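Please look at the structure below with its helices, loops and charged side chains in mind.

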Amino acid sequence: MEKSKVYFTTMKTTLSENLPQKLKRLILAAGMDQIDFDGKYTAIKMHFGEPGNLAFLRPNYAAVVVNTVKELGGKPFLTDCNTLYVGGRKNALDHLDSAYQNGFSPFSTGCHVLIADGLKGTDETLVPIDGEYVKEAKIGRAVMDADVFISLNHFKGHEATGFGGALKNIGMGCGSRAGKMEMHSAGKPYVEQEDCIGCGNCIRICAHGAPSITDRKATIDQDKCVGCGRCIGVCPRDAVCPASDESNDILNRKIAEYSLAVVKDRPHFHISLVIDVSPNCDCHAENDIPIVPDVGMFASFDPVALDRACADAVNKQPVIAGSQLDEMPHVHHDHFIDSAPTTDWRVCLEHAQKLGLGTQEYELIQI
């Protein structure tokens, strides 16, 4: 397979060019303007940051991408899907509050925010892909309704996948609640009995008769449950929980298959900022100090090559003293595996390449 082109620039600025201007120059050099945006709905997928986390990308970067799409005739919107776990982004109302709190509003970015899988994380499109693990991906509907897809990623560490980059942002990020459950879990939801108040919301939302209540406590019949996750979204006490029992290797492969479902058969482009490289996901309500110094900005039409280039660049960096990585044994000669030894990020890229999503072979072009 021919090498993919990955474009890169450092975070160094001059008196005549600031970081937003440099990002625009990067994405145009990488060819984003080759896409026909004229009158096209353009989903810009990014992470708005869990409240309390300060490592997420600033809205200024999103505004650059939004304004460039507008200049090219497109109709952009920023988007993400609701989370599977408890937090500030579990439903669309809280998610929008969190996005606005972290600075993502039409006034700061130049476009609206749409939560792609709706109010409760159940508004989804079923995308057939016939993967090794996933036969029908469950993707947030607004993402699939778009004509063009752009991912804007904060590249950082991740405790379950090694790092969070383009594929993590696309695959896991665009999954509906049921999709996220399918990636994270080999099982089905269960009820934490001590938190359940017996309200019956889970019974009313279930189309398969799986939940029942005995002595004011709900239980879920695993034989009847289909794993859609709707009961998680309607529980007022967060008593219904997903089973996070899938191996990290299979999780990584499912993310690759979901990424394929999102980008296949339409124009797509990918941007990663390797800055504030925290050891864990921006889904945390906190962020630890970066594990390495800031590297720069990357862009490519190939999300696999982009992730590989970013990972290689991080692995060339010195370890920041006092970081989580600095406190770990350095036995793997890989910053991400040393930081999260229970997972291997390479599995996702290898599977994505096998699926034809892209290649790990890349040509790095510095501007």
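Predicted model: local features only at pLDDT ≥ 70, side-chain atom pairs only at ≥ 80, totals over all residues.

Residues are numbered from 1 along each chain as its sequence is written, and side-chain values use heavy atoms, without hydrogens and water.

Helix 13 spans residues 346-354; helices here are DSSP runs of H or I with at least four residues, and strands are runs of E with at least two, numbered from the N terminus. Its buried residues are Val 347, Cys 348, Leu 349, His 351 and Ala 352, where buried means under 20% relative accessible area, exposed over 50%, and partly exposed in between (1.4 Å probe, protein chains only). Their cover includes strand 9, helix 6, helix 10 and helix 11, judged by contact, that is, heavy atoms within 4.5 Å. Just after helix 13, Gly 356 has a positive phi of about 85°.

Lys 354 forms a salt bridge with Glu 132 (3.3 Å, N to O); the term requires a side-chain nitrogen of Lys or Arg within 4 Å of a carboxyl oxygen of Asp or Glu. Because Glu 132 lies in the loop between strand 5 and strand 6 and Lys 354 in helix 13, the pair ties together parts 222 residues apart in sequence. Lys 354 is exposed at 63% relative accessible area, whereas Glu 132 is partly exposed at 47%.

Asn 280 sits in the loop between strand 14 and strand 15. Asn 280 is buried, with a relative accessible area of 18%. Leaving aside neighbours within four places in sequence, Asn 280 contacts Lys 156, Gly 157, His 158, Glu 159 and Gln 324.
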